[in-house]
Amino acid sequence: MDPSDQKFFTVIDYVIFAVLLAASMAIGLYYALSGGRQRTTQEFLMADRSMGCLPVSLSLIASFQSAVAIIGVPAEIYRHGTQYWFIGCAYILGLLIPAHIFIPVFYRLRVSSAYQYLELRFSKAVRICGTLTFIFQMVIYMGVCVYTPAFALNAVTGFELWGAVLATGLVCTLYTTLGGLKAVIWTDVFQTVVMFAGQLAVIVVGVQKTGGVADVWRKVWEGNRISGLDLNPDPTERHTFWTLGVGGVFLMLSLYGVNQAQVQRYLSSRTEKEAVRSCYMVFPSLQLALALSCVMGLVMFARYCGEDHSDKLASSSRDAMVIYFVMDMLHGLPGLPGLFIACLFSAALSTISSAFNSLATVTMEDLIKPQYPAMTEARATLLSKVLAMSYGLLCLAMAYLTHLMGDSVLQVALKIFGMVGGPILGLFCLGMFFPWANSIGALVGLCAGLVVAFWLGIGSILTRSTRPLPLECSANVTIAIQTAFNNITLSQPSGLKRFYSLSYMWYSGFNCTTVILIGLIISFLTGPTKEEDVMPGTLYPLLGKLFCFLPEHLKKKLCCVTPLGQTLAAPQRQPSQHKEGNGLAFPQEDRSSLEERESFLPETLVEYETAV
C-alpha cells in the first residue's frame with residue numbers, strides 16, 4: 001500500500017473523532033449544571049466523596065493507560081518480543097499493597113491531598129517539598145501525553161499537528177474546569193470503552209488480513225517473538241523477569257499507591273470498602289489493556305516480519321510505526337481509522353484531565369489554603385477552577401516545548417517521570433512504616449533521592465549518546481572488526497558506566513530505597529522520633545507484622561505495633577514546650593498543641609482523641 005494514500009481521513013473518521021470530543025465536553029457541561037453545580041471544593045476536587053467502585057476503577061485504568069502506552073507497548077513487542085508482558089506479574093503486588101496499606105491510611109485520615117499526610121506525619125516543609133516534586137513530575141508528563149499522539153498522528157495521516165494538540169488540550173481543560181472530578185471520572189469511563197474498542201478493532205482486522213490466528217502464531221514463533229522466562233539477575237539487563245516483575249512493583253506503587261491522581265480517586269469513593277474494591281477491580285482491566293497492546297504488537301510483527309517502514313513515513317519516530325500499521329490495516333474501512341484515533345486521544349484526554357484535576361487539588365490544598373485559612377468556600381472553588389484551567393494552558397506550553405526539543409526528548413521526559421516517582425514513594429514509605437523517621441531525615445532523604453535519580457538518569461542518557469563510532473575506512477573487513485569491537489565494549493560496561501546502565505525498571509525501587517536509607521540514617525543522627533510523638537493514624541505497623549514472632553516488649557522497642565484501626569492518645573505537654581505552629585502536630589520540632597490541631601485534623605480523629 002502506498003503510504004500517500006492513507007494521508008487523509010474520510011468524513012466518517014472525522015465525525016467519530018469529533019463525537020469523542022463532543023461527548024467528553026457534554027459530560028463536563030452536565031456535571032457543571034446538575035447536582036451541586038461544583039459550588040464547593042469538596043464537590044469540584046473530591047466528587048463529594050460519592051463515587052462507586054465501578055467508575056472509580058475504570059477511571060484508575062484510564063489514568064494509567066496513556067497514549068504513550070497504547071502506541072509504545074506494541075512498538076516494544078514488535079522489536080523485542082513478549083518479555084515486556086511479564087510486567088503483568090507486578091500488577092498483583094502493585095495493587096494489593098495500595099489496597100491494604102495506602103488506601104486505609106489515606107482514607108481514615110480523610111485528607112484531600114496525599115501530601116497533607118506528609119504534614120501530619122512530618123512537617124509543613126516536607127509537605128511543600130513533596131507537593132512541588134509532584135507538580136514538576138506531572139507538568140512534564142502531561143505535556144508529553146498531549147504531544148505524543150498528536151505528533152504520531154500527524155506523521156502518517158496528515159492530521160494538523162497543532163490542531164490536534166489544541167483540540168485535545170482545550171476540550172480537556174474545559175470539561176475538567178466545568179465539571180470537576182465527577183466529569184473527569186465519568187469521561188474516563190467513556191474513554192476507557194473507546195480505548196478498548198479501538199485496539200480490539202485493529203487486532204481483529206489485522207489478524208484477518210494477515211491470514212488468521214494460525215498464521216499470526218506461526219510467524220511470531222518463527223520470528224522468535226515469543227519470549228521465555230528470563231531469570232538473569234543482572235540489573236543492567238533492560239527487561240528480565242526480575243526487572244519487570246520486581247522492579248515493576250515499585251513503579252506500580254509509585255503510580256497506584258502515592259500518586260495524587262490515583263489517591264484522589266480512592267478518596268472520592270463513598271466508603272473505604274468501595275475504594276479498596278475499586279483497586280481490586282483495576283487488576284483485570286490492567287491485564288486486559290496490557291494483553292491488547294501486546295497482541296497488537298505481535299500482529300504487527302506477523303504483518304511486517306520485523307521490517308522497518310520508517311523510511312515511508314514523514315517522521316523517524318518509532319511510535320509512528322504503530323500508527324502506520326493501524327492505517328495500513330484499517331485503510332478502506334470507513335470509520336475504523338477514526339475509531340482508533342479516538343482511542344488514542346481518549347487515552348491522552350483521560351491522562352491529562354487526571355493531571356489537571358490532581359494538580360489543582362495539591363496546589364489548592366497544600367500551597368494556597370494553608371496560607372489563606374479564612375478563604376470562603378465560594379472563592380476557594382472559583383480559584384480551584386482557575387487553577388485547573390491554568391494547568392491546562394501550561395500543558396499546551398509544555399507540548400510546544402516538547403516539539404522544540406525533538407523526538408528523543410519524549411523518552412527522556414518519560415524517564416524523568418519514572419525517576420521522580422521513586423523518591424516520592426520512598427518519602428511516603430519512610431513516614432508510614434518507620435516510626436523513628438523525623439522531618440529532617442525526610443527532607444534530606446527526599447533531596448538525596450532526587451539527586452541520585454537525576455544523576456543516574458542524566459548519566460545514562462549522556463553515556464548512550466557518546467557511543468564510539470567506527471572509523472571511516474574503505475575496507476569492509478576493517479569496518480566489521482571495528483563495529484564488533486565497539487559492540488563488545490558496549491556490552492560489558494564497567495565502573496560508573498555499569499551504574500548508568502541500570503535498567504530503567506529499577507529506577508523507582510533504587511530511588512525509593514535511597515530515600516528510606518538516607519532518611520533513617522539522618523533521623524538517627526538528629527534524634528529519632530518516639531512512637532508516642534507521632535501523629536495518631538499516620539503509621540502502618542508493617543515492622544510489627546513482619547516481626548510478629550518477637551516478644552511483645554521487643555516489638556514495642558523496635559517498631560510500631562499499634563493496629564492501623566486504632567490511634568494513640570495525643571501526648572500531654574506543657575504550654576511552654578510548644579512553639580507557635582501552623583495548626584498541625586509535628587514530632588519533636590515545631591510541635592503544636594492538641595487544641596491547635598483540631599482546626600486541621602479530620603473530625604472523626606479529633607473526636608476519638610478528645611474521648612481518650
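Which residues have the most contacts inside the largest nonpolar core? The legends below start there, and the model they describe is predicted.

**View 1. The largest nonpolar core.** Phe106 and Phe340 are the residues with the most contacts inside this core, which counts 141 residues. Apart from it sits another core of seven residues, including Ala453, Tyr500, Leu502 and Tyr507.

**View 2. A nonpolar patch on the surface.** Here Leu166, Leu170, Leu174, Met389 and Leu393 team up as a surface patch, with about 410 Å² of accessible area together. Both H8 and helix H16 (377–405) put in at least two residues each, and H8 gives the most, with three. Zoom in on Leu170, which lies in helix H8: its relative accessible area is 39%, so Leu170 counts as partly exposed. As a rule, in soluble globular proteins nonpolar side chains tend to be buried together.

**View 3. Arg110 and its positive phi.** Look for Arg110 in the loop between helix H5 (90–109) and helix H6 (116–121). Its phi is near 60 degrees, a positive value in a residue other than glycine. Most residues other than glycine have a negative phi. Is Arg110 buried or partly exposed? With a relative accessibility of 39%, Arg110 falls in the partly exposed class.

Notes:
Residues numbered from 1 in each chain as written. Predicted model: local features only at pLDDT ≥ 70, side-chain atom pairs only at ≥ 80, totals over all residues. Heavy atoms only, no water. Core = buried A, V, L, I, M, F, W, Y, C linked by side-chain atoms within 4.5 Å. Buried < 20%, exposed > 50% of the residue type's maximum accessible area, 1.4 Å probe, protein only. Patch = residues over 30% accessible without salt bridge, like charges linked within 9 Å, V, L, I, M, F, W, Y side chains within 5 Å. Areas by Shrake-Rupley, 256 points an atom, 1.4 Å probe, with all protein chains shown as cover. Salt bridge = Lys/Arg side-chain N within 4 Å of Asp/Glu carboxyl O. Helix = DSSP H or I, 4+ residues; strand = E, 2+ residues; numbered from the N terminus.
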